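Me: Hi! I have a structure open and I'd like to go through it with you. Can we start with one of the helices?

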Amino acid sequence: PLFGTLALPILEEYLQKNPPWMVVRNILYILGEIHCDSCYSFIKQCFSHEDKRVQVEMISCVAKIGGGELVDRLLDGLERVDDELKGHIIQFLVENFGSNKKVFEALCRLVEGRNTFSARSKNRLLGAAVAALRSFPCNKSIEILLRLQGEYGKISGSEQILQQIDEVLKAIGPQLRHSQQNRGEKSEGISFDD
């Protein structure tokens, strides 16, 4: 932090030389510590680095840098990082920007693309997406959850994800009815009390 942006040209030059993963990770750590917003243009490719440890540090670096483009940068990373790390980005986005429309749209796209998830991380990632939908009590969330419930109800060994879907439906149903009543709107026919 004492050197600030004076170190940027050197760090950028090192990144262009294709250094080992450990060097890339350390450079990302330094850039995160100096909160260098202008460096994003030359580090954004690290979201798709072949080593997951670099991807983890990239997520951390972008979060430390912050700024007005944080959501867009993390959403960009969500599309490019390894499936095992997508859950971390989802959790960070929902915890910090839970009502952001862009976050909700990205979450919907993620759930729709669930068939492209790697086999080893599919259930964990889908579970993170389902849990994140709790922050968005709206009709579209309920539609997605009901569709998932119907799909996974036919697959044996899906008890955990089905239980999670059921818990989120029970949580957002009353929230949705309450917000619609406050706006003077009629409920659209989904009643969890029944």
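Me: What span should the 14 residues of helix α9 have at 1.5 Å a residue?
Reply: Keep in mind that this is a predicted model. Helix α9 covers residues 139-152, and at 1.5 Å a residue it should span 20 Å. Its end C-alpha atoms are 20 Å apart, so the two values agree.

Me: Nice. Which residues of α9 are buried?
Reply: The buried ones are Ser141, Ile142, Ile144, Leu145, Leu148 and Tyr152. They cover an arc of only 160° around the axis, so they sit on the same side of α9.

Me: Why would residues three or four places apart point the same way?
Reply: An α-helix has 3.6 residues a turn, so residues with that spacing point the same way.

Me: OK, let's zoom out. How many helices and strands does the protein have?
Reply: There are ten helices and zero strands. Of the 194 residues, 41% count as buried.

Me: And how much of the contacts with a separation of 6 or more comes from residues 24 or more positions apart?
Reply: Those residues account for 61% of such contacts.

Me: Now a pair of helices. At what angle do α2 and α4 pack?
Reply: Helix α2 (residues 21-33) and helix α4 (residues 52-65) pack at about 10°, and their axes are 8 Å apart. The two are therefore roughly parallel to each other.

Me: Which residues make the contact?
Reply: On the α2 side they include Trp21, Val24, Leu28 and Tyr29. From α4, Val54, Met58, Cys61 and Ile65 are among them. The residues of this contact divide into nine nonpolar, one polar and five charged.

Me: Switching topic: is glycine 173 buried or exposed?
Reply: Glycine 173 is buried, with a relative accessible area of 2%. You'll find it in helix α10 (residues 159-182).

Me: How far apart are glycine 173 and isoleucine 142?
Reply: They are 31 residues apart in sequence, and 7.8 Å apart in space from C-alpha to C-alpha.

Me: Last thing, the loops. What is the phi of asparagine 18?
Reply: Asparagine 18 has a positive phi of about 55°, although it is not a glycine. Most residues other than glycine have a negative phi. Asparagine 18 lies in the loop between α1 and α2, and it is exposed, with a relative accessible area of 71%.

Me: What about the phi of histidine 35?
Reply: Histidine 35 has a positive phi too, of about 50°, and it is not a glycine. This residue lies in the loop between α2 and α3. At 49% relative accessibility, histidine 35 counts as partly exposed.

Terms used. Residues are numbered from 1 along each chain as its sequence is written. This is a predicted model: local features need pLDDT of at least 70, side-chain atom pairs count only at pLDDT 80 or more; totals for chains, interfaces and linings use all residues. Side-chain values use heavy atoms; hydrogens and water are left out. Helices (H or I, at least four residues) and strands (E, at least two) are DSSP runs, numbered from the N terminus. The expected span of a helix is 1.5 Å times one less than its number of residues. Buried means under 20% relative accessible area, exposed over 50%, partly exposed in between (1.4 Å probe, protein chains only). The arc is that of the directions from the helix axis to the C-beta atoms. Axes are lines fitted to C-alpha atoms, for helices over the stretch in contact, and angles run from 0 to 180 degrees between N-to-C directions. Angles under 35 degrees count as roughly parallel, over 145 as roughly antiparallel, 65 to 115 as roughly perpendicular and the rest as oblique. Contact means heavy atoms within 4.5 Å. Ala, Val, Leu, Ile, Met, Phe, Trp, Tyr, Cys and Pro count as nonpolar, Asp, Glu, Lys and Arg as charged, and the others, Gly among them, as polar.
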